[in-house]
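Morning, everyone. Please have the sequence and the model open. I'll keep this short.

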Amino acid sequence: EAGVTQSPTHLIKTRGQQATLRCSPISGHTSVYWYQQALGLGLQFLLWYDEGEERNRGNFPPRFSGRQFPNYSSELNVNALELEDSALYLCASSLAERLGFNTEAFFGQGTRLTVV
Amino acid sequence: AQSVTQLGSHVSVSEGALVLLRCNYSSSVPPYLFWYVQYPNQGLQLLLKYTSAATLVKGINGFEAEFKKSETSFHLTKPSAHMSDAAEYFCAVSETPGGYNKLIFGAGTRLAVHP
């Protein structure tokens, strides 16, 4: 069974541009989470999507946005890129979180975004 | 507010030696605690989780962790380190059992294992 897949694996953008990162969850998973892993800042929760809706977001500015498609895949968009947006962006998926703690979140390998 | 502190950003052990990675948490509600491992150029893999059942939790790859409420700790141990254990380890806390969207991660501890 395929795991969580993210594309692209590496992305280089110029400051001020927009970046689009993609995530395909494990088949049957409806919840998708995005995390940012920036050097020196650790892992920080960005966004949670479930059943096509944004359910929660972390402490990030509005230029970080995303969506979840009917097939449960997800897109993270970062507008007006800043140098400090350079980080590894991890996507994870799980069964619907409302099912409780017996779910487990599985992580993809991430997209490394570099802003120059 | 919840928080996680991992003591020691880098830990180095000899192959066959005990591995001890420290994690202390702060939570105003009974916490749910997790340990994840990240190998180079890979995502996170769940090692184990504490969900208010047994205080000693056994995970994959021979790791285990003990929840100590009085010490607000959830340290990760392995009796005998293997070269393949070299990776970065993250402790995380959530206030809900399935709360992956509310996970608060520690800064991580990079484990090096030398022959």
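I'll start with a sheet in chain A, then move to a strand in chain B.

First, the ground rules. This is a predicted model, where local features need pLDDT of at least 70, side-chain atom pairs count only at pLDDT 80 or more, and totals for chains, interfaces and linings use all residues. Residues are numbered from 1 along each chain as its sequence is written, chains are lettered from A and ligands numbered from 1 in the order written, and side-chain values use heavy atoms, without hydrogens and water.

Chain A, then. Four strands make an open, antiparallel sheet, ordered β1-β3-β8-β7. Strands here are DSSP E runs of at least two residues, numbered from the N terminus. Two strands pair if DSSP finds at least two bridges between them. Which strands of chain A stand at the edges? They are β1 (5-7) and β7 (64-68), each with a single partner, so one side of each has no neighbour in the sheet. Inside chain A, β3 (residues 19-24) and β8 (residues 74-78) share five bridges. There, A:A19 sits opposite A:V78.

Now chain B. Is strand β4 (residues 32-38) mostly covered or mostly open? Covered: seven of its seven residues are buried, meaning under 20% relative accessible area with a 1.4 Å probe, protein chains only. In a regular strand, side chains alternate between the two faces of the sheet. On one side of β4(B) we find B:Y32, B:F34, B:Y36 and B:Q38; on the other, B:L33, B:W35 and B:V37.

Terms used. Buried < 20%, exposed > 50% of the residue type's maximum accessible area, 1.4 Å probe, protein only.
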